[in-house]
Amino acid sequence: MNFYLVEAEDCLVMVDAGLPSHSRRLLDALAHLEDRLCAVVLTHAHPDHVGLAETVRARTGAQVWVHEADAQALDEGQPGVMHHLQPECRVLPYLMRRPSALRPMMLRGFAGALMSPMVREYRSFGHDQILREVPGRPRVLSVPGHTPGSTVVVFDDRAVAFTGDALVTYDCSTGHRGPCVVSRAFTQDSEQALESLEQVAELPDETLMLPGHGAPFAEKPRIAVLRARATGVR
């Protein structure tokens, strides 16, 4: 899975927060920069995007931001994720069709996906607003479906959009490569997720899309959306 650091206004903004096992690599990278890390913006509250949020907040004082629709999952930790962000279907049918998907799922578990610490302090945002208190003033676009609070984080001044799991270019549960929504085994409402991609299609043509899983997508956002819709729900 991918998480990112954005340099803005002499500060660093972290978009998503990986898994607990990423802690050493991240904190080593920040050894001389951690006083510049001032915000963590989450695209959604699944454990593989939240894993380091509390560690970073406690160590650097960075504010953690999440959409209000996913906030309850942060309040309750892993039980909240299981209760509030349940996917459409079980993962077992996907593993039966594609046993090789078991390995990356197990690796996530070993990396701490089921043990992400509760985020003790955070701030929430609503639909489609500008986070004026976050350096770089990113726009947060509401794209519900993967989770109720799924969000695309856009830095207009550098023409980049962090799509989280609302639009990925690799889905380990199906093996699909290319723009798509994540399979029903990890998505709460796939049809809504596809509908929400209209927000992505309206981004400027020059926008580079950086997904939560898979490689960057440098073609026009509307092309990515057309391909995702062609792939459909899996």
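Strands (E, at least two residues) and helices (H or I, at least four residues) are DSSP runs, numbered from the N terminus, and two strands pair if DSSP finds at least two bridges between them. The structure is a predicted model, in which local features need pLDDT of at least 70 and side-chain atom pairs count only at pLDDT 80 or more, while totals for chains, interfaces and linings use all residues. Residues are numbered from 1 along each chain as its sequence is written, and side-chain values use heavy atoms, with hydrogens and water left out.

Strand 10 (residues 168-171) and strand 11 (residues 176-180) run antiparallel and are joined by three bridges. The two strands form a hairpin with four residues between them. In the turn, Gly175 has a positive phi of about 80 degrees.

Aromatic pairs were searched for over the whole structure, and two were found. Rings of Phe, Tyr and Trp (its six-membered ring) pair if their centres lie within 6.5 Å; planes under 30 degrees apart count as stacked, over 60 as edge-to-face and the rest as tilted. The pair of Tyr4 and Phe162 is tilted, because the ring centres are 4.9 Å apart and the planes stand at 50 degrees. Tyr4 belongs to strand 1 (residues 4-8) and Phe162 to strand 9 (residues 160-164), so this pair ties together parts that are 158 residues apart in sequence. The rings of Phe155 and Phe162 have centres 6.0 Å apart and planes at 90 degrees, and the pair is therefore edge-to-face.

Relative accessible area was used to class residues as buried (under 20%), exposed (over 50%) or partly exposed (in between), with a 1.4 Å probe and protein chains only. Tyr4 counts as buried at 17% relative accessibility, and Phe162 is buried at 3%. Phe155 is buried as well.

Arg36 is found in the loop between helix 1 (23-29) and strand 3 (37-41). With a relative accessibility of 22%, Arg36 counts as partly exposed. Leaving aside residues up to four places away in sequence, Arg36 touches Glu7, Asp10, Cys11 and Leu12, where contact means heavy atoms within 4.5 Å. The C-alpha atom of Arg36 is separated by 8.6 Å from that of Val13, which is 23 residues apart from Arg36 along the chain.
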